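Please read it with the structure open beside you.

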Amino acid sequence: MGGESKMKMVGLALSGGAAASAAHVGVIRAFEEAGYVITHMSGTSGGALVAGLWAAGYENRELRGLLDRLERRHFDVDWRRLARRRLLRQRGEWLGFFRASRLERWLASLTDFRIMRDLPRPVALSAVDLSRGREVIFASRPLGDVLPPRTDGSSEDAPGHGKDGTPLEPATERQIKDADGAESAFRGPRGLHWEVIQEIPASLALLASSAVPVIFQPVVWKDRVFVDGGLLDNCPVAPLRALGAPAAVAVDLVSPWGWRPQRRFDGPISILFRSVNVILAHQSRTAHLAADWVIHPEIPPIAVNDFRRLGEIADAAYEWTCRTLEKQREG
């Protein structure tokens, strides 16, 4: 990372990771206590929940308290439609086990029922529009050019720019003609087009970015169908740079699991999760190229729905990040 004095102001790109995403709360605390000023955030899936609430104005101590309040009751199973299909053999729309309507109401109250544009801090949340087959960015600020990691070692120039300030790829802006709340579209460093939406309710944006297909029902907004952004970008570093972050730190919780050898599989679910982890690991390797620093917090294994241990995971990530930052200062 090059030393504390060279990189005081940072943006964090928070990856998805289900319940393990509680680790992000500990990472934020460690960076702040080490004297770093977090100016921007981006997030996908569980990382989007943390980043979105940070953007709504929650400080670290408050985020830590919210972990203790998140319970299984917030995730309501769509028993009625499930029963119709399983017991009555009725055909009909069934898009996922959890409606998460309780979670959406909770998030709406936490964000004061604001739309993304009105969140006080800069944030970009990744989701996928299934109907149009492309990545969507829910943002509280307009997005600009995607700039590469800082290469000149200067703390005077804006971190994240090269000496000539050349972006990774010029962001081509065009107005979206459809009256669907989209502001503009940008081309990312891999040729992907992001549709930037600022008018959506923040609670729906947070929920859409974390709506894992089949597990959660998609978030329907106007004529759009949104699901988890991890399908295309599980660690959204490039959107963080486009948002204007002075320097980008990727906090990746998933990639290490994709690279570790696994020789035993105890059923189709374990094969499914292993397959997803491998895909995300390879996907994130490309996303990491836009980051100044990539960290993989070491945390204990946790089941995807083990809400009782969220605080433990946050504390473990905090301790690991503190040690890592201390090593960086000593180096």
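1. Arg-329 and Glu-326 form a salt bridge in which the closest N and O atoms are 2.6 Å apart, a salt bridge being a side-chain nitrogen of Lys or Arg within 4 Å of a carboxyl oxygen of Asp or Glu. Both residues belong to helix H10, where they are three residues apart, about one turn of the helix; helices (H or I, at least four residues) and strands (E, at least two) are DSSP runs numbered from the N terminus. Arg-329 is partly exposed at 34% relative accessibility, and Glu-326 is partly exposed at 33%, where buried means under 20% relative accessible area, exposed over 50%, and partly exposed in between (1.4 Å probe, protein chains only).

2. On the basis of the work, this is a predicted model, in which local features need pLDDT of at least 70 and side-chain atom pairs count only at pLDDT 80 or more, while totals for chains, interfaces and linings use all residues. Residues are numbered from 1 along each chain as its sequence is written, and side-chain values use heavy atoms, with hydrogens and water left out.

3. The protein chain has 10 helices and 13 strands, and buried residues make up 53% of its 331 residues. Contact means heavy atoms within 4.5 Å; among contacts between residues at least 6 apart in sequence, 68% join residues at least 24 apart.

4. The count of salt bridges comes to 16. One of them joins the side chains of Glu-33 and Arg-29 at 3.0 Å, N to O, and this pair, being four residues apart in helix H1, is separated by about one helical turn. Arg-29 is partly exposed, with a relative accessible area of 31%.

5. Glu-199 and Arg-117 also meet through their side chains in a salt bridge (2.4 Å, N to O). Because Glu-199 lies in the loop between strand S8 (193-197) and helix H6 (202-209), and Arg-117 in the loop between H5 and strand S4 (123-129), the pair ties together parts that are 82 residues apart in sequence. Glu-199 is partly exposed at 28%, and Arg-117 is partly exposed at 34%. Elsewhere, a network of salt bridges links Asp-129, Arg-132, Arg-134, Glu-195, Asp-223 and Arg-224.

6. Which residues touch the most other members of the largest nonpolar core? They are Phe-31, Met-41, Met-116, Leu-125, Phe-138, Ile-200 and Phe-226, out of 69 residues, a nonpolar core being a set of buried Ala, Val, Leu, Ile, Met, Phe, Trp, Tyr and Cys residues joined through side-chain atoms within 4.5 Å. Helix H10 (residues 310-330) gives the most to this core, with eight residues. Leaving aside neighbours within four places in sequence, Phe-226 is in contact with residues including Val-128, Asp-129, Phe-138, Ile-200 and Trp-221.

7. Helix H3 (residues 60-69) has Asn-60, Leu-63, Leu-66 and Leu-67 buried. Seen down the axis of H3, these buried residues fall within an arc of 110°, so they line one face of the helix; the arc is that of the directions from the helix axis to the C-beta atoms. On the other side of H3, Arg-61 and Asp-68 are exposed, whereas the buried residues pack against helix H1 (23-33), helix H2 (46-55), helix H5 (101-110) and H10.
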